[in-house]
Amino acid sequence: MTLSAITLDCPDPPALAAFYQQATGLEPHPKSDAGFAGLTSGDGLFIGFQRVDGYRAPQWPGQTVPQQSHLDFTVDVDLDEAEARLLALGAGKPEPQPDDARFRVLTDPAGHPFCIVRAPGG
């Protein structure tokens, strides 16, 4: 098997796609619309964002609304620099941070937790 797509529920697919496009540089899918938006990478990976009425954002680290999944991103720059850039784009930074020397837990504008991790040797 080869992973080909990841889809996240959210209240506003175009807005969440714009956040991840700015954060990753992935290309917007040409058939994106208000109900379902997507991003594609050169290697064929697709990240989709689907509108869910009554969407409730995950809560991390609490489990009132479980995170259900999260994404990890390797960064080639200092974690502080990457974090500052993502916060400027609209990410949030929940507490506690389990090991902020090795990775940072952030949340996207729809509340999905994701981690940034230093690249090996970085």
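I began with E83, which counts as buried at 10% relative accessibility; here buried means under 20% relative accessible area, exposed over 50%, and partly exposed in between, using a 1.4 Å probe and protein chains only. The model I am reading is predicted, so I note that local features need pLDDT of at least 70, that side-chain atom pairs count only at pLDDT 80 or more, and that totals for chains, interfaces and linings use all residues. Residues are numbered from 1 along each chain as its sequence is written, and side-chain values use heavy atoms, with hydrogens and water left out.

**Salt bridges**

I searched the whole structure for salt bridges and found 4, each being a side-chain nitrogen of Lys or Arg within 4 Å of a carboxyl oxygen of Asp or Glu. I looked up R104 and D80, whose side chains meet in a salt bridge at 2.9 Å from N to O. This pair joins distant parts of the chain, since R104 sits in strand β6 (residues 103-107) and D80 in helix α2, 24 residues apart; helices (H or I, at least four residues) and strands (E, at least two) are DSSP runs numbered from the N terminus.

I then checked E83, whose side chain also meets that of R104 in a salt bridge, at 2.6 Å from N to O. E83 belongs to helix α2 and R104 to strand β6, so this pair ties together parts that are 21 residues apart in sequence. As for burial, R104 is buried with a relative accessible area of 8%, while D80 is partly exposed at 47%.

I noted a further salt bridge between the side chains of R102 and D99, at 3.0 Å from N to O; R102 counts as exposed at 51% relative accessibility, and D99 is partly exposed at 24%. Tracing shared partners, I found that salt bridges join D80, E83, K93 and R104 into one network.

**Helix α2**

In α2 I listed L79, A82, E83 and L86 as buried. Looking down the axis of α2, I see these buried residues fall within an arc of 100 degrees, so they line one face of the helix; the arc is taken from the directions that run from the helix axis to the C-beta atoms. They pack against α1, β5, β6 and β7, where contact means heavy atoms within 4.5 Å.

**Sheet**

Last, I looked at an open sheet of 3 strands in the order β5-β7-β6, with mixed pairing; strands pair if DSSP finds at least two bridges between them. β5 and β6 stand at the edges with a single partner strand each, so one side of each has no neighbour in the sheet. I recorded that β5 and β7 pair in the parallel sense over 5 bridges, and that V75 stands opposite R118 in β7.
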